[in-house]
Amino acid sequence: MPLLENGRIAEDRWVEAVDGAPLPDGAVIVPFARLEEGLARTGTAPLGVAIEPDMAVEQLRVALPRLGLVAVTFGSFRDGRAFTQARALREHLSFDGEIRAMGKPLPDQYEFMLRCGITTVKTERPEDVTVWQQAHEMFSVAYQPSTLHERPQGLGLRRFLS
Amino acid sequence: MSTNTATLPVGRYAYDQVDRTFLSQRVAQFRAQVNRRIAGDLSEDEFKPLRLMNGLYLQLHAYMLRVAIPYGMLGSDQMRELAHIARTYDRDYGHFTTRQNMQFNWIRLEDTPDILQRLADVDMHAIQTSGNCIRNVTCDEFAGAAADELLDPRIHAEILRQWSTLHPEFSFLPRKFKIAISGSPQDRVAARFHDIGLVARPGAQGRPVFDVFVGGGLGRTPVIGVLLRDNLPEEDLVAYLEAIVRVYNAYGRRDNMYKARIKILVQALGVETFREKVDAEFALMNRADYRLDPAIVDGIRARFGIPALDAPADAADTLAAARRTDARFDRWVRTNTHPHRHEGFISVVISVKPDGGIPGDVTADQMDLIADLADGWSFGEIRVTHMQNVVLGHVRKDRLHELWQKLVAAGLGTPNIGLIGDIIACPGLDYCSLANARSIPIAQKLSARFADPELQENIGKLHINISGCINACGHHHAGHIGILGVDKRGEEFFQLTLGGSASNDVAIGQIIGPALPEDETVDAIARLVDAYLVLRNEGEEFIDTYRRLGAASFKDAVYAPA
């Protein structure tokens, strides 16, 4: 599926680093193991890092001001750790760059991702983008605070989603 | 007749148009998911967590739909809708669960979206009654009525229900997550057998404070929850729970589903390390974002209907007179009622465990009758208990005798609450694909064996819990007598545990010895009970005698040659 941003197909300006190959010029996403190598590049090309679900995002604190993207991974749609990582990046580390979901999340999780601070999705799944767009438009309210600081609806903790 | 002068439903949160729109969107979402499954766009593996999040299990013979009854509170209109669903889509009955929900056992997948729409029409749903998410929040069945209550826990139960509904971060946890909340010093919610147990009381500033227990649970590894935080201010309730569940989501095991509950994480880290992690998370949070403002709480509280508790001054005298003239009624009042905070009222437990019956099963006709009785006697309000019975919370004392006569006529007057006939049993191998043994026939045989109400009352308080496998849905570890079904070379055997309790005196039952064949189990329990009747001191309940003497005194009775 192409890159999805806010329910729409968007152009992907990032490339992923290839194992064993030198880092290319331009915007590149490196695995966490190659973060130092990425930070050591000269020039102003944007740098992103892809992290595994078991990593504490606190480990990115020092590098974060120099990162334009953090990719979180849904190894399986059942593994919800990436939600917590994204939320901690936004809330605890005040990261305001792109948070990208990779791996195999379901379109039914799309709204959850957005509310946890994930901004783009690049999945290995085959679905038509419309299924993701529909998932984004499914609900008009939510019942708890989120990283998006949605407008309170007035009763309880309810928020307007649109 | 008791009349409800309020326009809001008594005892539960009244939905508004925003909530109703949300539910209809949820039904539309599930309908689309079912269509994607039928079209092959979703594999069964992918569809499974989505259907589970709407309470739909695939059991041995059919789909089972578990309908949420938030904190056990149900209106008569909702009960009638459940009766309609039982008649139309099931086999004329439903089953109350130990999490205060209702299960339908014979559901067709293609009917499910329509059933969910019918539920939504009466402000009900099946959201998060299954799956690795925060489940239905359970609560004291005498909430808002009990004489010993300090604070009505339903308001905060509703706040937590809403907060956990489609929570963006916590819908794909390592494993299921169960929260219970009590507002009485007398624990009727098994607070320390929950992932999070909350005990609320009024705080110094007039707002509630909470003791937070964490890491309790039954299942394969029974653990008593530990006190993580005391006197948590109300305004931090949501923030602190976010912190706990966030730590669990990040660190809970995902490699082995049997070691994935929060209790295993708390044990692995140790409570001090776990608390440090929660406190660190809590300290990092922007608490203003998560603050539970008193105005928010009061706004939710205002959506609850309040019963107008008016009773004649001589209501208690009228009841006392009826008890003097009717011994059967008097016995039932002793066993099946609970003191109300208002002197003219009383809470009634309707046993849905008749002699020889199936614990928790209720027919469509009985559901309709209970709805009618709730309208006539208790402001249209019904509570489902974690013991799989039904409570009418606010019954006028002078009208109790009349209510009892109606219950007896309908076969709902069994005087066995808290007694040996009030058995908790899981569905077992009759329905469940996980079970090793049939729980229901053992429950029925025990219930029939001890049917005599005089014998039951003489035996006194005694909780029997039956689970058909080690997943412990019948909470056998928490039973005074626990019965666990095991498979031995294709034969059903039953292992007995003694001394468990889910109340203030919380304890995990201990295995007494080798498992018994199915046909010897009921006799062995009868001998065990006989031994207790001989051994007990004046005024002792079974659990007291067991604790005084230990298992050895009962072992001979259980394993005596037939």
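Asp422(B) counts as buried because 26 other C-beta atoms lie within 10 Å; the cut-off for buried is 20 or more other C-beta atoms within 10 Å of a residue's own, with 12 or fewer for exposed, partly exposed in between, and C-beta atoms placed from the backbone. This is a predicted model, where local features need pLDDT of at least 70 and side-chain atom pairs count only at pLDDT 80 or more, while totals for chains, interfaces and linings use all residues. Residues are numbered from 1 along each chain as its sequence is written, and chains are lettered from A and ligands numbered from 1 in the order in which they are written.

Asp422(B) sits in the loop between α14 (400–409) and β16 (424–425) of chain B. Helices (H or I, at least four residues) and strands (E, at least two) are DSSP runs, numbered from the N terminus. Skipping neighbours within four places in sequence, Asp422(B) has contacts with Ser351(B), Lys353(B), Met387(B), Asn416(B) and Ile417(B); a contact is two C-beta atoms, placed from the backbone, within 7 Å. Ser447(B) is 25 residues away from Asp422(B) in sequence, with 8.0 Å between their C-alpha atoms.

## The nonpolar cores

A nonpolar core is a set of buried Ala, Val, Leu, Ile, Met, Phe, Trp, Tyr and Cys residues joined through C-beta atoms within 7 Å. The largest one has 178 residues, and Ile244(B) and Ile370(B) touch the most other members. Helix α6 (residues 237–251) of chain B gives this core its largest share, 11 residues.

Beyond four places in sequence, Ile370(B) is in contact with Met79(B), Ile350(B), Ile382(B) and Val390(B). A separate core of 37 residues includes Met102(A), Leu106(A), Ile118(A) and Trp132(A).

## Helix α18 of chain B

Which residues of α18(B) are buried? In this helix (residues 542–549), they are Phe542(B), Ile543(B), Thr545(B) and Tyr546(B). They lie on the same side of α18(B), because they cover an arc of only 160° around the axis, taken from the directions from the helix axis to the C-beta atoms.

Their cover includes β19 (491–498) and α17 (518–535) of chain B.

## Where the chains meet

The contact draws 29 residues from chain A and 33 residues from chain B. On the chain A side, α2 (81–91), α3 (110–115) and β9 (141–142) each supply at least two residues, and α2(A) gives the largest share, five residues.
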